[in-house]
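Please look over the sequence and the fold, then read on.

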Amino acid sequence: MSTTYAVTAASGKLGRLAVEALLAKGVPAGDVVAVVRTPAKVADLAARGVVVRAGDYADRASLDAAFIGVDRLLFVSGSEPGARIAQHTNVVEAAKTAGVSRIAYTSILRADTSTSPLAPDHRATEDLLSRAGVPFTVLRNSWYLENYTEQLGQYLAAGAVLGSTHGGRVSAAARADYAEAAVAALLAEDPAQVYELAGNSFDFAGLAATITEVTGTTVVSTDVSTEEHVAALQGFGLDAGTAGFVAALDTSIAQGQLATDRTDLVELTGRPATTLAEAVRAAQA
């Protein structure tokens, strides 16, 4: 009997890559369920034989229907701070009701101890999973390289990487790396309970130096106080709340919350993580 795998948020950047990784691993398209809010966004996957089902984290009934017959679920965390815990509760309860045999959840690096402003929702979801009675695997992802490469144009225009990380290091990998690792854990018959997933480490000075080397345009790292960072971000048009949140992410980097020497990602994927230089080169292409 074949195993049915479902991926939530499958029209998103990480979810779509996970579906592609399942197919690349040889899972038949008919055994892959892409759960999305808007099925039209993944019409190309449906054309390849992937089963597409509507499912909205805020709509429990839609999730109950989407998870019917699913054996293993890759649960990509929601993207709405403030709403995530209620939405994640819907996902976990619907998966349990549907008889899903294992849930793999995308969390954040060291969610159990992290001071990152993103950590509380993930910590609460991990606790929810531990109480649900469904076998689960936690995929604690560090930062995406794309968090920086998607700002490449801004860095090049300004000639600077602005931050308040104070030399803190980030162990980042590409979205595709995290997707491949998640799928490897989902396919494994005896996965670990928790994976701390991360790539190669760098600080903002290294980020600026790599951008300079790859692009040929000089970019420097400009490190400022948290207060100066918030003011600068507001000057760029962010509201006070968003500016404070972004600066708080840099504070967590300064505190070492997104750096690790764990090699779980490499062990799961069986290959080196994408380097910062490779990611910048790809973003420039």
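The model is predicted. It contains an open sheet of 7 strands with parallel pairing, in the order β3-β2-β1-β4-β5-β6-β9. Strands β3 (51-54) and β9 (194-197) stand at the edges; each has a single partner strand, so one side of each is left without a neighbour in the sheet. From one strand to the next, the twist averages 20 degrees.

Two of the pairings can be described in detail. Strand β5, residues 102-108, pairs with strand β6, residues 136-141, in the parallel sense over 6 bridges. In this pairing Thr106 stands opposite Leu139 in β6. Strands β1 and β2 also pair in the parallel sense, over 3 bridges, and here Ala6 stands opposite Val33 in β2.

## Strand β2

## Helices α4 and α5

Helix α4 also packs with helix α5 (residues 119-132), at an angle of about 25 degrees and with the axes 10 Å apart. Angles under 35 degrees count as roughly parallel, and α4 and α5 are therefore roughly parallel to each other. Their crossing is right-handed.

On the α4 side the contact is made by Arg84, Ile85, His88, Thr89, Val92 and Lys96. On the α5 side it is made by Asp121, Ala124, Thr125, Leu128, Leu129 and Ala132. The residues of this contact divide into 6 nonpolar, 3 polar and 3 charged.

## Helices α10 and α11

Helix α10 (residues 226-235) packs with helix α11 (residues 240-254) at an angle of about 140 degrees, and the axes are 9 Å apart. This angle makes α10 oblique to α11. The crossing of α10 and α11 is right-handed.

In α10 the residues that take part are Thr226, His229, Val230, Leu233 and Gln234. They meet Ala240, Ala243, Gly244, Val246, Ala247, Asp250 and Thr251 in α11. The contact of α10 with α11 consists of 6 nonpolar, 5 polar and 1 charged residues.

## Helices α9 and α13

Helix α9 (residues 204-215) and helix α13 (residues 276-284) pack at an angle of about 50 degrees, with 9 Å between their axes. That makes α9 oblique to α13. The crossing of α9 and α13 is right-handed.

From α9 the contact involves Gly206, Leu207, Thr210, Ile211, Val214 and Thr215. From α13 it involves Leu276, Ala277, Val280, Arg281 and Gln284. The contact of α9 with α13 has 6 nonpolar, 4 polar and 1 charged residues.

## Two single residues

Ser221 is found in strand β11, which spans residues 220-223. Leaving aside neighbours within four places in sequence, Ser221 is in contact with Val161, Phe204, Ala205 and Ala208. Ser221 and Val134 are 87 residues apart along the chain, and their C-alpha atoms are separated by 46 Å.

Thr274 is found in the loop between α12 (264-269) and α13. With a relative accessible area of 18%, Thr274 is buried, as buried means under 20% relative accessible area. Not counting residues up to four places away in sequence, Thr274 touches Leu145, Ala172, Ala174, Asp177, Asn200 and Ala279. Thr274 and Thr4 are 270 residues apart in sequence and 29 Å apart in space, C-alpha to C-alpha.

Note on methods:
Residues numbered from 1 in each chain as written. Predicted model: local features only at pLDDT ≥ 70, side-chain atom pairs only at ≥ 80, totals over all residues. Heavy atoms only, no water. Pairing = 2+ DSSP bridges. Helix = DSSP H or I, 4+ residues; strand = E, 2+ residues; numbered from the N terminus. Axes fitted to C-alpha atoms, helices over the stretch in contact; angles between N-to-C directions. Parallel < 35°, antiparallel > 145°, perpendicular 65-115°, else oblique. Left-handed = near helix turned anticlockwise from the far one by under 90°. Contact = heavy atoms within 4.5 Å. Nonpolar A, V, L, I, M, F, W, Y, C, P; charged D, E, K, R; others polar. Buried < 20%, exposed > 50% of the residue type's maximum accessible area, 1.4 Å probe, protein only.
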